[in-house]
Amino acid sequence: MDIIGIITEYNPFHNGHIYHINKIKEMYPNSLIILALNGYFLERGEISIMTKEEKTKIALDNGINLVAEIPFIFGSNSADTFAECAVQILNNLGVTKIIFGSESNDIILLTKIAKTQLEENFNETVKEELKKGSNYPTALSLALNASISTPNDLLGISYIKAILKNGYKITPITIKRTNDFHDKTSNAPIISASNIREKLKNNEDISNYTPVKNLVTLNEDLLFNLLKTKILTDKDLSKYLTVDEGIEYKLKKEILNAKNTEELIKKIKSKRYTYNRIRRMLIHILIGLTKEDKQNYTLNHIKILGFDKLGKDYLKTIKSDLTIQRKISDTDLAQKYELTASLIYDILTSSNTYKFETSNKPIIKTSA
């Protein structure tokens, strides 16, 4: 039996994700699919419009056999950190293949780029391009001598780097992405999550694009007010992850001139501080994720969010081989941040995810 791993955020789950799962089953009929799932605050600094519980349920309903959590402490970080954690989890759960959507669908090119990024002098080359005035994506492309800038390909490169760097016996495999991440107007059967979110903002019907019924609504005004309170009252913002190079002073200044979070980001955005980097930084400030905690923490658990019968049986067979414990303590640092993230998420979305988090019980799919 093939043990397949996938890594997703489901913001929200949509027809493209169903296509992804069905394509895997078509390619590997005798397979078990394990999902490494991000939660409430996402890799690009977004706040999920689906709760972690709903994501897990719909994943199990659509053919995923086992769902494991990517903790906030890693899941709210840049692509490399996010990927490193997700791939580590999947490796410890016995995955031998990771299959991801790709715009280029060129695994040879993506692997070549991943190897280049792992070379000792690569980061220095990027820094030199930044000094010349390039923004980070451009500096990355120039250092690579390749113009890969599409989101799934970039994440895929990070997955491959994590595999190569750690010597995992995992084969990366691509599936051709069927839609454009940047497109926000298409009405094709499969559209991007960003397109769906845009349609939601415009009060358009999204039922043709996603089977999800229970989407949450983010209170944008409350988000900005919470950020404003935190930024203006905290004496040392520099202790938080991704608050670097004195940007905390600009934050304190511009928060007084901005009317909302989007306007704040635009006022701070620069060649060195991209839109997504600022969004992640604001989330780290909001939740209180410090550089010290992130630096000193090593993933020491796998939190299982849900499984079906096949997933449950598989867990029993690998229980003795797991190098990371599945049981999680409430005193664990990652779990503490997970609970904080859940509480803040509930305030912003009028949800009740904290009950799901504190129950610490996986969702079990019993019916076919």
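**Exercise 1.** Determine whether Lys-161 is buried or exposed, and which residue it meets in a salt bridge.

*Solution.* Lys-161 has a relative accessible area of 9% and is therefore buried (under 20% relative accessible area; exposed is over 50%, partly exposed in between; 1.4 Å probe, protein chains only). Next, the partner: the side chain of Lys-161 meets that of Asp-80 in a salt bridge, 2.8 Å from N to O (a side-chain nitrogen of Lys or Arg within 4 Å of a carboxyl oxygen of Asp or Glu). Asp-80 is partly exposed, at 36% relative accessibility.

This is a predicted model, in which local features need pLDDT of at least 70 and side-chain atom pairs count only at pLDDT 80 or more, while totals for chains, interfaces and linings use all residues. Residues are numbered from 1 along each chain as its sequence is written, and side-chain values use heavy atoms, leaving out hydrogens and water.

**Exercise 2.** Find the salt-bridge partner of Glu-84 and the helices in which the two residues lie.

*Solution.* The partner is Lys-165, with the closest N and O atoms 3.7 Å apart. Glu-84 lies in helix α4 and Lys-165 in helix α8, so the pair ties together parts 81 residues apart in sequence (helices are DSSP runs of H or I, at least four residues, and strands of E, at least two, numbered from the N terminus). Glu-84 is partly exposed at 23%, whereas Lys-165 is exposed at 56%.

**Exercise 3.** State how far apart Glu-53 and Lys-57 lie in helix α2.

*Solution.* They are 4 residues apart, about one turn of the helix. Their closest N and O atoms are 3.5 Å apart, in a salt bridge.
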